[in-house]
Amino acid sequence: MKAPGEFKYTKTHEWVKVDGGKATIGITDFAQQELGDIVFVETPEPGEDIAAGSQMGTVESVKAVSDLNAPVSGSIVEVNETLQDHPELVNQEPYEGGWIMKVTLSNPAELDELMDAAAYQDYAAQEEQH
């Protein structure tokens, strides 16, 4: 599955889709494939603040528990409640129904530090080879 062109990406395989001053965050198709079947997603609560680069939750699969790292700083306005009962949506629709949280950006300039889709595709291809 190709990384959507309008998203931004991190080296820890999170994606960000920006709409105005809000950002939707999830994990990439590459990440969900590496993790395998996802059985639980832990997120902070709405109203909490996250800082770019800090841990903001975990994704648990049948193989491992992986940290979710904040790609941007901001205040959480919504978490995807559907994932509590259907964490497999992260596997099935990593860029749509499997989104994890939405935040109000506190420093939009941080987006400039993230990779675009082409750079991320190259990065993920290199990761696959290791």
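This is a predicted model: local features need pLDDT of at least 70, side-chain atom pairs count only at pLDDT 80 or more; totals for chains, interfaces and linings use all residues.
1. F7 and Y95 are both buried. The search of the whole structure turns up five aromatic pairs. In the pair F7 and Y95, the ring centres lie 5.9 Å apart and the planes meet at 70°, so the contact is edge-to-face; the cut-off for that class is over 60 degrees.

2. The F7–Y95 pair joins distant parts of the chain. F7 sits in the segment before β1, while Y95 is in the loop between α3 (89-92) and β9 (101-105). They are 88 residues apart. Both belong to one aromatic cluster, made up of F7, Y9, W15, Y95 and Y120.

3. Another ring to check is W99. K102 lies over its face, 4.8 Å from the ring centre.

4. Look at the backbone of H13. Most residues other than glycine have a negative phi. H13 is not a glycine, yet its phi is positive, about 70°. H13 falls in the loop between β1 (8-9) and β2 (14-19). Its relative accessibility is 10%, so H13 counts as buried; the limit is under 20%.

5. Now the sheet. Three strands make an open sheet in the order β4-β6-β7, with antiparallel pairing. β4 (38-42) and β7 (65-69) are at the edges with a single partner strand each, so one side of each has no neighbour in the sheet. From one strand to the next, the twist averages 25°.

6. Within that sheet, β4 pairs with β6 (residues 55-61) over four bridges, in the antiparallel sense. V41 stands opposite V59 in β6.

Definitions and conventions:
Residues are numbered from 1 along each chain as its sequence is written. Side-chain values use heavy atoms; hydrogens and water are left out. Helices (H or I, at least four residues) and strands (E, at least two) are DSSP runs, numbered from the N terminus. Buried means under 20% relative accessible area, exposed over 50%, partly exposed in between (1.4 Å probe, protein chains only). Two strands pair if DSSP finds at least two bridges between them. Axes are lines fitted to C-alpha atoms, for helices over the stretch in contact, and angles run from 0 to 180 degrees between N-to-C directions. Rings of Phe, Tyr and Trp (its six-membered ring) pair if their centres lie within 6.5 Å; planes under 30 degrees apart count as stacked, over 60 as edge-to-face and the rest as tilted. A charge sits over a ring if NZ of Lys or CZ of Arg is within 6 Å of the ring centre and within 35 degrees of the ring normal.
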